[in-house]
Amino acid sequence: MRSPRAVHLEISSKCNLRCHYCYYFDNPAVEYMNLPTDQWLQFFAELGSMAVMNVSLAGGEPFLRPDLKDLIEGIIQNKMRFCILSNGTLIDDHIAEYIARTHRCDYVQVSIDGASPDVHDSCRGKGSFVKAVRGIKTLQRHDVPVAVRVTLHHNNVRDIVNVASFLLDELGISSFGTNSAGYLGACRKNAGEVLLTNEDRQIAMHDLLNLSQKYPGRITASAGPLYEAKYWREMEAARLNHDPAFSKGGHLTACGCPFNEISVRADGMIIPCSMLAHVVLGRINRDSLQEVWLNNPELNRLRMRRSIPLNEFEFCRGCDYIPYCTGNCPGIAFTLTDDINHPSPDACLRKFLAEGGNIP
Amino acid sequence: MLRVEFDDWAILFDPDSAKAIGINPTGVAVWKLIDGRRGIEDIVSGIKEMFSDVSISAEKEISDFIEEAHKNGFVGYSLDSET
């Protein structure tokens, strides 16, 4: 691919919340500063010249930027579509109406962690649930497509059934995505409070599989307990049947991002993705994004990751699941092992079973 | 908006509707000849100049491609002022 199809932009280094598991903050490799409007607009012109199709606006909290409309105008003028990832607490009628009028917004994603203030606010801060739900309803009132992300952690995993009913039945959200708190950012210092235990994981997998049947097609996951439950079932079935290796199995193939998209930090540094914020590939408006995309050696090394066989790792020695395993997220792998080119211990099926877990 | 993916294959993308269609190298060549002034016959002639061994069904295929692009909102037709 000659240019990224999508670019993830951390347009704000600030947030009005301090969620206990936030991957964004407390990263010693990152300088938390905001770029002025004109720097982003200049970059959007470059994205437009490269025919980038979509940008996602994230942070931090994008709605904290007073120039958000100016940035969106720049995106529109450069023939792109956008989505916004938000905590939902700052969305009012004025901005929702503006977003709707652009006809270029794929969705605004709001994070919801519980079906009640007690659960949601436990990791996100007092009053955040009411404001987030108000934000969702404001977006709905203006016909802005709403997506919801539910991040599972120790304090909400037993509420997932209620969360699903609240989002899908009561609020009428068409679907929501799930993942789990990962050992990144603020989560590192709050790990004991927020990370899922094996028992939590078991509960989450069981409940999410049941909910997936109750609400077919309306609960999605590309990581976390629901994804693990489905994929680990496939791996176990393949192992028992002595099936040949999965097409992407046996190597560090999990990360597809470097082939389709790229990210930019709030300070303008170009990075592979937000999970690898320390891997600086260049700087916007100084380095050609085309050149970075095609020729940056770090990015190309990340692309070559998929040629690394799992059986080379001491961690994987003797594992029967190697032919079916993809090694999972390099960002989590790095935070746990200091090595991007290592399978992630966090999403290891053999480790999960050895610690007493069961495949649902 | 034309987005070349790799080699000469491309995506035609309409950011307003979010519609996207994949087009092959010939389609890319046709797209680049659509300039608001050329008619279909001019475009066919242009393709014949660019490629050797153009099939006799080229005019129909090009018309079909343009019609498909029109159906998806990527092009419009204008009447010749002399007609």
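This is a predicted model: local features need pLDDT of at least 70, side-chain atom pairs count only at pLDDT 80 or more; totals for chains, interfaces and linings use all residues.
User: Are α1(B) and α2(B) parallel, antiparallel, perpendicular or oblique to each other, and what decides it?
Analyst: Happy to take this one! Helix α1 (residues 25-33) of chain B and helix α2 (residues 40-50) of chain B have axes that come within 10 Å and cross at roughly 130 degrees. Angles over 145 degrees would count as roughly antiparallel, and 65 to 115 as roughly perpendicular. The two helices, α1(B) and α2(B), are therefore oblique.

User: How many nonpolar, polar and charged residues does the contact of α1(B) with α2(B) have?
Analyst: Let's start with who takes part: B:Ala29, B:Val30 and B:Leu33 come from α1(B), while α2(B) brings B:Ile43, B:Gly46, B:Ile47 and B:Met50. Gly counts as polar here. By class, the contact has six nonpolar, one polar and no charged residues.

User: How many charged residues are in the contact of α6(A) with α8(A)?
Analyst: Good one to check by name. On α6(A), the residues are A:Ile160, A:Val161 and A:Ala164, and they meet A:Ala204, A:Asp207, A:Leu208 and A:Leu211 of α8(A). Asp belongs to the charged class. The contact divides into six nonpolar residues, no polar ones and, as for charged, one.

User: Is the crossing of α6(A) and α8(A) left-handed or right-handed?
Analyst: For the chain B pair, α1(B) and α2(B), the crossing is right-handed. For α6(A) and α8(A), the crossing is right-handed.

Notes. Residues are numbered from 1 along each chain as its sequence is written. Chains are lettered from A and ligands numbered from 1 in the order in which they are written. Axes are lines fitted to C-alpha atoms, for helices over the stretch in contact, and angles run from 0 to 180 degrees between N-to-C directions. Helices (H or I, at least four residues) and strands (E, at least two) are DSSP runs, numbered from the N terminus. Angles under 35 degrees count as roughly parallel, over 145 as roughly antiparallel, 65 to 115 as roughly perpendicular and the rest as oblique. A crossing is left-handed if the near helix is turned anticlockwise from the far one by less than a right angle, and right-handed if clockwise. Two residues are in contact if their C-beta atoms, placed from the backbone, lie within 7 Å.
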